[in-house]
Structures are given as structure tokens and as C-alpha cells.
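Please keep the sequence and the model at hand while reading.

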Amino acid sequence: MDLQSYATRDALAEALALSVAGILAGGIAERGTATLVVSGGSTPKLFFKKLSQCDIDWKNVTVMLVDERIVPPDNDRANAKLIAEFLLQDNAAAAHFLPYVTDGCDAAECAEKSEQQLAPSLEHIDVTILGMGTDGHTASFFPGGNHLEEALDMQGSRQVLSMLAEGAGEPRLTLTMPVVQSSRFLALHIEGQEKADVLKRALGLKDPLQMPIACVVKKAPEPVKVFWAP
Ligand SMILES: O=C(O)[C@H](O)[C@@H](O)[C@H](O)[C@H](O)COP(=O)(O)O
């Protein structure tokens, strides 16, 4: 992995926002449109705020989520709500947000419907930003998840799967490993000493399935960029 450490969380958010905005602008210049895939959680809020203020051609950017909880989109736990409040603001209000289907279907149906809806936009991903929990999950690749091995299979044919896991709370939907690894720019955004220690521990495990972030880092074709601040 390629570790980029910053003295403060503010400096990290600023640097990550500038990098991401630069890549999106490059994608728009090359192909007319760009695709950004982001994670939920508390860590990315400051980064979202700074990114939303960047001056790029947001109307040609499609924003998607690495994973989502199967709850109505206006539920406080929905990542879609977080994105609406923190990322799709200021200049980024012009971006096109493509949500998962989470309403009125069971987990398997929601995964299938979401896959149909997201698939065309997942063909070329410019940027993916992952987070990590202190249990070593990333995306909704939770330790002990019911579809964990299928979701991590680089040869798997699914792009979106549902995930039930003890540590996940609600049932979730997640992009699968081949989709995450297809991103031109793949970064892990983590903050605090505890998460740095978790990552180190994960990478030292004999069985990476116990802390799935290790599977993502180890299977990456190019070193994953880890953005970290204390
Ligand atoms: O919960 C989500 O929506 C995520 O996509 C998840 O993988 C998240 O990135 C980590 O749980 C870290 O969350 P924190 O930033 O809150 O620690």
C-alpha cells in the first residue's frame, strides 16, 4: 500500500478532495463524464464538504455509494441521506446521484434491482474511496458476512450483493470486489491511531477473511493509497 500521512484531519480532507477533484476533471476531459464512488460513515464528512466546494464540471459527474443499508432513503442511517447532506451541496449539488434500490424489496431482490440500475455506470469508475471499521470491514465486506466469500471473489459475476452480518446492523448492499478493484483511483480514508493499528493487524493475519480490508489491499493491482491522519 501507499501510505499518505497528514498532520491533521483538515489537511487530509483538503489533499484528498484536491486529488479526487483532479481525477474527476481529468475523466471529464477524456470521456465527457466521470464516476465517483464513496463510502458512508463519519470519517468522510469533512472530505465531502471540501470536495463539494471544488470547482469542476459536476453536472457530468455520477456519484454512487460503495455500500448502503437496506433502509428507506430518507432514514437517518441511509448513506444516501449522508451524501445528500454533505456531498451533494455547493458546486457538487449539480452532480447526478445514483442510489441503490432499498425500498419495498427483500435483500436479494434489492441487490438484483440495484445491480441493474447501477451496472452501466459501474463500467468505468474513476475514483473509489473506501472507509474501514475497527472490526476490519470495508465496504460491506463484514467479517462473518453471509455473502462475504462471494463478494470478495475476483472471478465472481455479481456487481452488487446483499450482506447480513452481526457487526453490520441492518442488512446491507455492497459493490463486490471486482468492481471496487476496477476503479482507476482506489483510496482508503482512515483516521486515528486505532484504525492505523487495525489496518496493521489485518495485514499481518494468516486468514485475511477475518478482517476483509486485508483482502482488498492484497488483491489490488496497484498499491492502494491510504490517506491517514491522527
Ligand atoms: O458504514 C458505511 O457506510 C461504510 O461504507 C463503512 O464501510 C464505513 O466506511 C466504515 O464503517 C467506517 O465508518 P466510520 O467512518 O464511521 O468509522
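## The sheet and its edges

Q4 stands opposite F227 in β10, and strand β1 pairs with strand β10 (residues 225-229) in the parallel sense over 4 bridges. Strands here are DSSP runs of E with at least two residues, helices are runs of H or I with at least four residues, and both are numbered from the N terminus; two strands pair if DSSP finds at least two bridges between them. The model is a predicted one, in which local features need pLDDT of at least 70 and side-chain atom pairs count only at pLDDT 80 or more, while totals for chains, interfaces and linings use all residues. Residues are numbered from 1 along each chain as its sequence is written.

The open sheet is built from 7 strands in the order β1-β10-β9-β6-β2-β3-β5, with parallel pairing. β1 (2-5) and β5 stand at the edges with a single partner strand each, so one side of each has no neighbour in the sheet.

V224 is placed in the loop between α8 and β10, and it counts as buried because it has 22 C-beta neighbours inside 10 Å. The term buried requires 20 or more other C-beta atoms within 10 Å of the residue's own, exposed means 12 or fewer, and partly exposed lies in between, with C-beta atoms placed from the backbone.

Leaving aside neighbours within four places in sequence, V224 is in contact with M1, D2, L186, A187, L188, V216 and V217, where contact means that the C-beta atoms, placed from the backbone, lie within 7 Å. V224 and L205 are 19 residues apart in sequence, and their C-alpha atoms are 18 Å apart in space.

## Two helices with a buried side

Which residues of helix α7 (residues 193-203) are buried? They are K195, L199 and A202, and, seen down the axis of α7, these buried residues fall within an arc of 65 degrees, so they line one face of the helix; the arc is that of the directions from the helix axis to the C-beta atoms. An α-helix has 3.6 residues a turn, so residues three or four places apart point the same way. The buried residues of α7 pack against β9 (185-191) and α8 (213-219), whereas Q193, E194, D197 and K200 are exposed on the other side of α7.

In helix α3 (residues 79-86), the buried residues are N79, A80, L82 and I83. They cover an arc of only 160 degrees around the axis, which puts them on the same side of α3. Their cover includes β2 (34-38), β3 (61-65), β4 (67-69) and β5 (96-97).

## Two loop residues with positive phi

Most residues other than glycine have a negative phi. D90, in the loop between α3 and β5, has a positive phi of about 45 degrees although it is not a glycine, and with 15 C-beta neighbours inside 10 Å it counts as partly exposed.

A139, in the loop between β6 (127-130) and α5 (148-152), has a positive phi near 45 degrees and is likewise not a glycine. A139 is buried, with 28 other C-beta atoms within 10 Å.

## The ligand shell

The ligand is surrounded by 14 residues, the closest being S39, G40, G41, T43 and G131; a residue is near a molecule if its C-beta atom, placed from the backbone, lies within 6 Å of it. The shell divides into 3 nonpolar, 10 polar and 1 charged residues, where Ala, Val, Leu, Ile, Met, Phe, Trp, Tyr, Cys and Pro count as nonpolar, Asp, Glu, Lys and Arg as charged, and the others, Gly among them, as polar.

Key: Two residues are in contact if their C-beta atoms, placed from the backbone, lie within 7 Å.
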